[in-house]
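Here is my note on the model you sent.

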Amino acid sequence: MSEKPVIKTCGREPSCDLVLEDTTLSRLHARIELVTDGRVFINDADSSNGTFLNRNDSWIRIRRSMLCIGDRIRFGDIEVPLQRITGLFGKRAGIRLEAKRFPARHGKAKSRSSSQPDHGASLHKPRRNPVTGKIEEDQAAKP
């Protein structure tokens, strides 16, 4: 028998678990879901001004997304620290945040998990020529 997920709410409504008083939030703006294996999901509740996730240095509007280490979350115009969101479930909730799927910055990916070795691999953002719009190869990377 599987357990039901634990769901917390976020919005302007005083009955929400995370109350944020800002005009860019809906009364019920989003649901935060802790599933049985410890993963945390953000679900937008059809809010007017959206729920946004910042991963890889850009904000994207989401309907539903699993949270990862280092993610930034914004409800309407209000950014809420990840610790505040996960703190809704208490210290003994067994929350398990995944490592980011892609490094967010140039250079080596920094992960809080020591289970994966760092082999010195790095990813970088390609450079787009502002005139032609074409992606240019990194001249430093060529032998």
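1. A salt bridge here is a side-chain nitrogen of Lys or Arg within 4 Å of a carboxyl oxygen of Asp or Glu. By that rule Glu33 pairs with Arg64, the closest N and O atoms being 3.0 Å apart. The pair links distant parts of the chain, with Glu33 in strand β3 and Arg64 in strand β7, 31 residues apart. Glu33 is buried, at a relative accessible area of 13%, whereas Arg64 is partly exposed at 46%. Buried means under 20% relative accessible area, exposed over 50%, and partly exposed in between (1.4 Å probe, protein chains only).

2. On the source: this is a predicted model, in which local features need pLDDT of at least 70, side-chain atom pairs count only at pLDDT 80 or more, and totals for chains, interfaces and linings use all residues. Residues are numbered from 1 along each chain as its sequence is written, and side-chain values use heavy atoms, with hydrogens and water left out.

3. Overall make-up. The protein has 1 helix and 13 strands. Helices (H or I, at least four residues) and strands (E, at least two) are DSSP runs, numbered from the N terminus. The order is β-β-β-β-β-β-β-β-β-α-β-β-β-β. Buried residues make up 33% of the 143 residues. Contact means heavy atoms within 4.5 Å. Among contacts between residues at least 6 apart in sequence, 39% join residues at least 24 apart.

4. Other salt bridges. The structure holds 7 salt bridges. One of them joins Asp37 to Arg96, with the closest N and O atoms 3.5 Å apart. Asp37 lies in the loop between β3 and β4, and Arg96 in the loop between α1 (82-86) and β10 (107-108), 59 residues apart. Both ends are partly exposed: Asp37 at 35% and Arg96 at 37%. Asp37, Arg39, Arg96 and Glu98 are linked in a network of salt bridges. Arg72 pairs with Glu79 at 2.7 Å between the closest N and O atoms. Arg72 is partly exposed at 38%, as is Glu79 at 39%.

5. Asp44 is found in strand β4 (residues 40-44). The side chain of Asp44 makes a polar contact with the side chain of Ser47 at 2.6 Å. A polar atom of the Asp44 side chain also lies 3.1 Å from the backbone nitrogen of Asp46. A polar contact is a pair of N or O atoms within 3.5 Å; within protein, one must be able to donate a hydrogen and the other to accept it, and residues adjacent in sequence count only if both atoms are side-chain atoms.

6. Asp46 deserves a look. This residue sits in the loop between β4 and β5 (51-55). Phi of Asp46 is near 55°, a positive value in a residue other than glycine. Asp46 counts as exposed, at 66% relative accessibility.

7. Arg74, in strand β8, is also buried without a salt bridge; the nearest side chain of opposite charge, Asp77, is 4.9 Å away. The Arg74 side chain reaches the backbone oxygen of Gly76 at 2.9 Å. The charged end of Arg74 sits over the ring of Phe52, 4.2 Å from its centre. For such a case, NZ of Lys or CZ of Arg must be within 6 Å of the ring centre and within 35 degrees of the ring normal. Arg64 likewise lies over the face of Phe41, at 4.1 Å from the ring centre.

8. Asp71 lies in the loop between β7 (64-66) and β8 (72-75). Is Asp71 buried or exposed? Asp71 is buried, with a relative accessible area of 3%. A polar atom of the Asp71 side chain lies 2.7 Å from the backbone nitrogen of Cys68. Beyond four places in sequence, Asp71 is in contact with residues including Leu53, Met66 and Lys100. The C-alpha atoms of Asp71 and Lys100, 29 residues apart along the chain, are separated by 7.9 Å.

9. Ala30 is in strand β3 (residues 30-34). Ala30 is buried, with a relative accessible area of 0%. Among the residues in contact with Ala30 are Cys10, Asp44 and Phe75.

Terms used
Lys, Arg positive; Asp, Glu negative; His and termini not counted.
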